[in-house]
Amino acid sequence: MVVNNKVDSLSYDVEAPPAPNQQGSSASAAAAVTAPPQAPAPPAAHHQHHHAVLELHKVSLPERRSTAKALRQRLAEVFFPDDPLHQFKNQSSARRLVLALQYFFPIFQWGSAYSPRLLRSDLVAGLTIASLAIPQGISYAKLANLPPIIGLYSSFVPPLIYSLLGSSRDLAVGPVSIASLVMGSMLREAVSPDDQPILYLQLAFTATFFAGVFQASLGFLRLGFIVDFLSKATLTGFMGGAAIIVSLQQLKGLLGIVHFTSHMGFVDVMRSVFKRHDEWEWQTIVMGTAFLAILLLTRQISARNPKLFWISAGAPLASVIISTILSFIWKSHSISVIGILPRGVNPPSANMLTFSGSYVALTIKTGIMTGILSLTEGIAVGRTFASINNYQVDGNKEMMAIGIMNMAGSCASCYVTTGSFSRSAVNYSAGCKTAVSNIVMASAVLVTLLFLMPLFHYTPNVILSAIIITAVIGLIDVRGAAKLWKVDKLDFLACMSAFLGVLLVSVQMGLAIAVGISLFKILLQVTRPNMVVKGLIPGTQSYRSVVQYKEAVRVPGFLVVGVESAIYFANSMYLVERVMRYLRDEEERALKSSQSSIRCVVLDMSAVAAIDTSGLDALSELKKVLDKRHIELVLANPVGSVAERMFNSAVGETFGSDRLFFSVAEAVAAGACKPQP
């Protein structure tokens with residue numbers, strides 16, 4: 001009997017949980033089910049069994065849309081989830097022009113309210129990160145097998161461009177260790193930077209240009225979700241392995257070795273270190289070890305007390321100054337120095353870009369890989385500090401800003417740059433307010449390029465190695481890996497595979513493994529969706545997983561299966577096979593407990609976000625198989641898009657409205673009221 005969507009009576013012959021023993025534990029006691037009181041018997045016109053009689057609701061279809069409208073809405077959801085044009089609605093033409101300028105050039109948005117108070121904060125932050133950017137720029141250029149001056153060039157032009165186009169207030173732009181390492185290792189396999197320095201430089205600039213084109217294209221086409229294919233787990237393993245490889249590579253500078261392997265693998269590096277033990281220089285070892293210890297100590301001090309951030313921020317520049325003075329006084333031939341660096345601003349390099357020849361494929365591949373890595377780091381850092389300061393960073397705008405920055409940089413003697421985590425952390429700690437801190441940093445680098453370059457002549461290479469090791473050692477996230485093991489073993493496997501791939505084979509192979517495992521994990525989740533058997537929570541009308549909720553009890557004669565994924569061609573047959581396996585297990589369970597056999601299978605579709613034609617065919621196939629066994633198949637709570645596709649296909653006619661239900665409880669109630677076959 002239908003009465004106002006209330007339960008008239010509940011008399012499911014549910015499988016009761018085992019009774020607790022005399023000393024029963026609290027867990028078993030909680031699992032015991034007290035049958036709800038029975039309402040008066042329904043009229044004789046109904047079946048003699050007392051079942052829950054619910055008001056049955058019709059499954060509604062969403063509003064009918066034309067094909068063009070449906071496609072337009074779908075594309076808008078994929079490419080414009082943030083609705084960037086919303087701010088232009090109901091605005092005058094002049095106001096729209098202003099909003100467009102602010103959208104493409106965020107400096108017009110925050111610049112209009114800029115004040116001397118903000119300038120003081122940005123000035124302090126900019127000078128602080130400049131003290132870190134100058135030694136890091138020189139060191140990271142060395143890591144990419146480029147002349148040290150290229151690192152300073154890359155710390156001048158890109159920050160100026162980003163300050164105009166970027167939407168992050170805290171991001172400090174410049175070369176980063178991972179992109180430098182990948183570019184250096186990939187290009188060095190084809191061209192020796194020592195034997196063919198001009199060609200190597202051309203390839204580096206060209207790869208930077210392609211990285212910028214790739215990054216800007218992702219932003220312009222709003223395809224930023226592609227970067228998300230590098231999961232946090234694989235990045236943790238990749239960056240940890242890369243950090244160890246980078247650190248081992250610096251043994252050349254720390255030990256004073258002249259002839260060192262060009263390979264990046266752990267075994268090759270360690271073999272080269274011990275094979276060339278006769279080239280070790282004790283003066284270099286003493287200086288390198290001492291400054292490395294000081295840099296690591298200052299890092300620990302700042303980590304334990306964030307207010308003392310300036311200690312670790314200024315330590316690299318202080319180390320460069322002190323070691324340069326010591327090297328000048330000592331003038332030992334056993335300690336190699338940077339040498340003469342050209343004075344002046346960035347020379348143009350557009351004429352060095354090469355788009356033909358046998359190395360084009362290499363530069364494109366290098367550009368895409370370094371572009372992905374630098375984008376991942378830059379956007380992650382930008383979003384991290386934006387969340388701390390409670391403002392929004394537009395990922396697609398950031399991609400365009402970083403891409404244009406690298407394209408312009410490749411024409412101004414710069415290589416791949418992005419937002420650096422270490423410099424951004426120092427920038428934030430120093431109290432930056434806007435992107436003006438990048439302009440201040442670039443100005444400090446400009447002064448260095450114009451007037452201070454001769455001072456770096458006696459800077460020891462060993463101090464650059466110590467700075468690099470200090471910078472990258474923070475990328476080794478042991479706690480993060482341990483957390484992955486605790487939370488998700490598959491993520492931990494992906495992490496360790498990427499880590500060992502970098503460490504034992506090569507950086508490129510490690511990155512390829514990281515991407516491959518990420519894609520494999522996605523395919524695994526798509527092809528093998530999670531499905532659960534559900535039972536009734538006593539005292540409610542809710543059906544939940546019997547594995548997760550021990551108090552959930554099965555309804556005899558019914559198999560309730562929850563599908564927790566979209567149903568596509570890749571997993572449609574798995575759906576059929578899994579339901580049949582559940583059916584077999586439940587029938588065996590019913591036989592052992594002398595209960596009625598399964599007469600109805602209820603598919604809970606509430607978590608099925610989408611379905612394609614293969615999925616619809618699979619449901620039809622499952623229905624045919626179950627019909628032959630005189631078992632009814634019904635669907636509960638299909639979402640709008642799924643119901644729409646069902647009714648627009650022959651599957652809707654196959655199931656009919658009498659097999660679609662508003663909820664699992666209504667499906668079970670309706671099935672319980674039907675006579676058993």
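User: What's the packing angle of helix H7 (residues 157-165) and H16, and how far apart are their axes?

Analyst: Keep in mind that this is a predicted model. H7 and H16 pack at about 150°, and their axes are 9 Å apart.

User: Why would you call H7 roughly antiparallel to H16?

Analyst: Angles over 145 degrees count as roughly antiparallel, and the one here is about 150°, so H7 gets that label relative to H16. As for the hand, H7 passes H16 in a right-handed crossing.

User: Which residues meet there?

Analyst: From H7 you have Pro158, Ile161, Tyr162 and Leu165, and they meet Glu398, Ala401, Ile404, Met405 and Ala408 in H16. By type, the contact of H7 with H16 has eight nonpolar residues, one charged and no polar.

User: OK, and how do H15 and H16 pack?

Analyst: Helix H15 (residues 360-389) packs with helix H16 (residues 395-410) at an angle of about 130°, with the axes 10 Å apart. H15 and H16 are therefore oblique to each other. Their crossing is right-handed.

User: Which residues make that contact?

Analyst: On H15, Leu375, Ile379 and Arg383; on H16, Gly395, Glu398, Met399 and Ile402. That contact of H15 with H16 splits into four nonpolar residues, two charged and one polar. Glu398 of H16 turns up in the contact with H15 and also in the one with H7.

User: Let's zoom out. How many helices and strands does the chain have?

Analyst: There are 27 helices and eight strands. The chain has 677 residues, and buried ones make up 50% of them. Of the contacts with a separation of 6 or more, 80% are between residues 24 or more positions apart.

User: How many residues are in the largest nonpolar core, and which have the most contacts inside it?

Analyst: That core has 99 residues, and the ones with the most contacts inside it are Leu146, Ile150, Val182, Phe238, Tyr415 and Leu449. Helix H9 (residues 197-220) gives the largest share of this core, eleven residues. Apart from this core there's another, of 35 residues, including Ile537, Tyr574, Leu575 and Tyr582.

User: What does Tyr415 touch, leaving aside neighbours within four places in sequence?

Analyst: Tyr415 is in contact with Tyr140, Ala141, Ala144, Leu146, Ile150, Gly151, Ser154, Pro175, Ser180, Met183, Thr208 and Asn406. Leu146 and Ile150 are also among the residues with the most contacts inside the largest core.

User: Switching to backbone. What's phi for Ser594, and where is that residue?

Analyst: Ser594 has a positive phi of about 55°, although it is not a glycine. You'll find Ser594 in the loop between helix H23 (572-592) and strand E6 (600-604). At 68% relative accessibility, Ser594 counts as exposed.

User: And what about His630, what's its phi?

Analyst: Phi of His630 is near 60°, a positive value in a residue other than glycine. His630 lies in the loop between helix H24 (613-628) and strand E7 (632-636). With 63% relative accessibility, His630 counts as exposed.

Conventions
Residues numbered from 1 in each chain as written. Predicted model: local features only at pLDDT ≥ 70, side-chain atom pairs only at ≥ 80, totals over all residues. Heavy atoms only, no water. Axes fitted to C-alpha atoms, helices over the stretch in contact; angles between N-to-C directions. Helix = DSSP H or I, 4+ residues; strand = E, 2+ residues; numbered from the N terminus. Parallel < 35°, antiparallel > 145°, perpendicular 65-115°, else oblique. Left-handed = near helix turned anticlockwise from the far one by under 90°. Contact = heavy atoms within 4.5 Å. Nonpolar A, V, L, I, M, F, W, Y, C, P; charged D, E, K, R; others polar. Core = buried A, V, L, I, M, F, W, Y, C linked by side-chain atoms within 4.5 Å. Buried < 20%, exposed > 50% of the residue type's maximum accessible area, 1.4 Å probe, protein only.
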